[in-house]
Amino acid sequence: MQTVIALGTFDGMHPGHRAVISRAVQEAQKTGAKSMVYTFSSIPRALFMAAPKMLMSPDERKNEILKMGVQDVVMVDFTREIAEMAPEAFVKMLFDAYHPAAFVAGEDYTFGHKAAGNMQMLKNLGKEMGFEVITAETVRVKLPDGSLGEKISSTDIRKALEENKISLAEHLFKGEVL
């Protein structure tokens, strides 16, 4: 059975993450494919530097993903072997294992050795290999002062928590999506 695969780390399951996953679920329902999330149990950069604090445990993330209607969650350890894969090899591995009709990711998604792969490369590989690539819309929130916020990121949520700006962190995590 073909799949529609949402790609990302999905640390924290903020509105930006939810937009990527929702788009994958919608596309799978539209095409009759199986919806799937492929993610890592840790933050990839933790392999190379001090690990940032996880916003949610792997089990919490998996449960939140499944609540969104995803049919399968593949959560693997981010290892040196994965980190050293050429972007093309990473995509081929996913293609051979999961038979994607489409991949869905955010516009800034990167993959492969030294994050050398990007959405344009994924689209080019899709043309060669026969899958679609869908870029999920960037999600922004209104900040508490009413101004337009930047793109939601787990990094910004972690920073707000480190600075003890709990209400800002909550707003970024659950805030009003524009």
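The model is predicted: local features need pLDDT of at least 70, side-chain atom pairs count only at pLDDT 80 or more, and totals for chains, interfaces and linings use all residues. Residues are numbered from 1 along each chain as its sequence is written, and side-chain values use heavy atoms, with hydrogens and water left out.

In α4, the buried residues (under 20% relative accessible area; exposed is over 50%, partly exposed in between; 1.4 Å probe, protein chains only) are Pro87, Phe90, Val91 and Leu94. Seen down the axis, they fall within an arc of 95 degrees, so they line one face of α4; the arc is that of the directions from the helix axis to the C-beta atoms. Elements in contact (heavy atoms within 4.5 Å) that cover these residues include β1 (3–7), β2 (34–40), α3 (80–83), β4 and α5. Just after α4, His99 has a positive phi of about 50 degrees.

Phe90 also belongs to an aromatic cluster with Tyr38, Phe40, Phe78, Tyr98, Tyr109 and Phe111. Rings of Phe, Tyr and Trp (its six-membered ring) pair if their centres lie within 6.5 Å; planes under 30 degrees apart count as stacked, over 60 as edge-to-face and the rest as tilted. The count is eight aromatic pairs. Phe103 and Phe131 have ring centres 4.8 Å apart and planes at 85 degrees, so this pair is edge-to-face. Phe103 lies in strand β4 (residues 100–106) and Phe131 in the loop between α5 (119–129) and β5 (132–136), 28 residues apart. Tyr109 and Phe111 are stacked, at 5.7 Å centre to centre and 20 degrees between the planes.

Charged side chains form eight salt bridges, each a side-chain nitrogen of Lys or Arg within 4 Å of a carboxyl oxygen of Asp or Glu. In helix α1 (residues 15–31), Lys30 and Glu27 lie three residues apart, about one turn of the helix, and their side chains meet at 3.3 Å, N to O. Lys30 is exposed at 64%, whereas Glu27 is buried at 6%. Lys67 and Glu64 form a salt bridge at 3.1 Å, and a network of salt bridges links both to Arg18.

Notes: Helices (H or I, at least four residues) and strands (E, at least two) are DSSP runs, numbered from the N terminus.
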